Amino acid sequence: MSFFNEPIITPIDNVIYRTTRGKTYRFLIKRDDLIHPSISGNKWRKLKYNLKLAQMKGFAGIASFGGAFSNHIAALSSLGHLTQTPTIGFIRGEHVDDANPTLQLAQNNGMKLIMLNRQDYRKRAERDFLTSLQQQHSDHFFVPEGGSNEAAQQGIAELADEINSQINFDRYAVAVGSGGTVSGLARHLPQHGIGIAVVNDTNLLQSLHSSYGSKLTLHYAHQLGRYGTTTDALNHFCLDFYGQTGVPIEPIYTGKLFYNLCYHRQELQLDDDEKLLVIHTGGLQGLKGLIYRQQISASDWSSVISTAAHSHNALATR
Ligand SMILES: *Cc1c(COP(=O)(O)O)cnc(C)c1O
């Protein structure tokens, strides 16, 4: 119960990055990647009130959905381990790949993994399908894929309040997956936001646009690989960004975000003197999955990974 009660305020860093075109940009970075060593960034924010709600409603455990390399599944399993809460992960795929680092972590954390084939996984938010899963696991509180639900919004509202108490800025920018984080921020921050979508989901983008269009510029991260994948240019960018700023980023979410903020500035109508706050949503556990899938090389990324693994500890001394 006390797990989320420690007061944690993540710092805001001020960095300068020089692009390959010789332009220099200043970013304020809300370092939510530092919030916890294994429950990273926005997943910590979104799970906080889901755990409280599950406990309040008397559920023994928490169940949720994710892909085989999901940051949400990794985070939920760690939360389960740290709070002795049973967890179930419904994973997209045919069988558990024991060599997959995310699924290994989840299993070591005691998460029960149940595989769903593609057809079933597609039904994860359909009422009848969900009800039947809930009936089979009635002692578990069900959280949707990505952790984005009303309880999650409470945690994102706290992030918004925290940001407002820390700094003045013109606009904020954040990576968009299931949309829970950006919609919470758009609801609770008075400033205009930029959402960089890493999933090509036109329904989601349309619904975000119709709800928050007046406060939000949405942009799809083209040309940087499909969801969950990367490109050579993006890998190079992430490593260079880390080399110049010391801030570790990864290709699936935060790398696509910063890349667009550097190289698609016109579409985003970014002014060079605008004070931009970028939300670092964490996700660095995903690097291990990219190494496993041979999309990045372990040797190139070793210092990013080791910085990410140790940087939470440095939070106390800042
Ligand atoms: C899950 C995740 C996101 C996406 O957040 P949503 O609330 O699903 O839009 C962004 N960044 C990182 C690092 C994530 O792990």
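1. Start with strand β7. R171, A173 and A175 point one way from β7, Y172, V174 and V176 point the other way, and all are buried. Buried here means under 20% relative accessible area; exposed means over 50%, and partly exposed lies in between (1.4 Å probe, protein chains only). The strand spans residues 171–176, and six of its six residues are buried. Helices (H or I, at least four residues) and strands (E, at least two) are DSSP runs, numbered from the N terminus.

2. A word on the source. This is a predicted model, in which local features need pLDDT of at least 70 and side-chain atom pairs count only at pLDDT 80 or more, while totals for chains, interfaces and linings use all residues. Residues are numbered from 1 along each chain as its sequence is written, and side-chain values use heavy atoms, with hydrogens and water left out.

3. Next, the partners of β7. With β8, β7 pairs in the parallel sense over six bridges. Two strands count as paired if DSSP finds at least two bridges between them. R171 has H192 as its bridge partner in β8. Towards β10, β7 is joined by three bridges, again in parallel. There A173 stands opposite V278.

4. β7, helix α7 (residues 180–188) and β8 make a right-handed β-α-β unit. Right-handed means that, with the strands pointing away from the viewer, the path from the first strand over the helix to the second runs clockwise.

5. Now the whole sheet around β7. Six strands form an open sheet in the order β1-β2-β10-β7-β8-β9, and the pairing is mixed. β1 (12–18) and β9 (216–220) stand at the edges with a single partner strand each, so one side of each has no neighbour in the sheet. Direction ignored, neighbouring strands are turned by 30° against each other on average. Axes are lines fitted to C-alpha atoms, for helices over the stretch in contact; angles run from 0 to 180 degrees between N-to-C directions. G195 stands opposite L218 of β9.

6. Contact means heavy atoms within 4.5 Å. Helix α9 (residues 232–245) lies across β1 and β2, at about 115° to β1.

7. Consider the nonpolar cores. A nonpolar core is a set of buried Ala, Val, Leu, Ile, Met, Phe, Trp, Tyr and Cys residues joined through side-chain atoms within 4.5 Å. The largest has 37 residues, and those with the most contacts inside it are F27, F237, F241, F258, L261 and L276. Helix α10 (residues 254–263) supplies the largest share, six residues. F258 touches F27, I29, F237, F241, I249 and V278, not counting residues up to four places away in sequence. A second, separate core of 23 residues includes L159, F169, V174 and L205. In soluble globular proteins, nonpolar side chains tend to be buried together.

8. A polar residue to check is N260. N260 is found in helix α10. Its relative accessible area is 0%, so N260 counts as buried. Its side chain makes a polar contact with the side chain of H219 (3.2 Å). A polar contact is a pair of N or O atoms within 3.5 Å; within protein, one must be able to donate a hydrogen and the other to accept it, and residues adjacent in sequence count only if both atoms are side-chain atoms.

9. There is another sheet. Four strands form an open sheet in the order β5-β4-β3-β6, with parallel pairing. β5 (112–116) and β6 (140–142) are the edge strands. The twist averages 25° from one strand to the next. Strand β3 (residues 61–66) and strand β4 (residues 87–92) pair over five bridges, and A63 stands opposite I88 in β4. Helix α2 (residues 71–83) packs on the sheet, touching β3 and β4, and its direction makes about 165° with that of β3.

10. Finally, two loop residues. H137 lies between α5 (127–136) and β6 and counts as buried at 12% relative accessibility. R226 sits in the loop between β9 and α9 and is exposed, with a relative accessible area of 62%.
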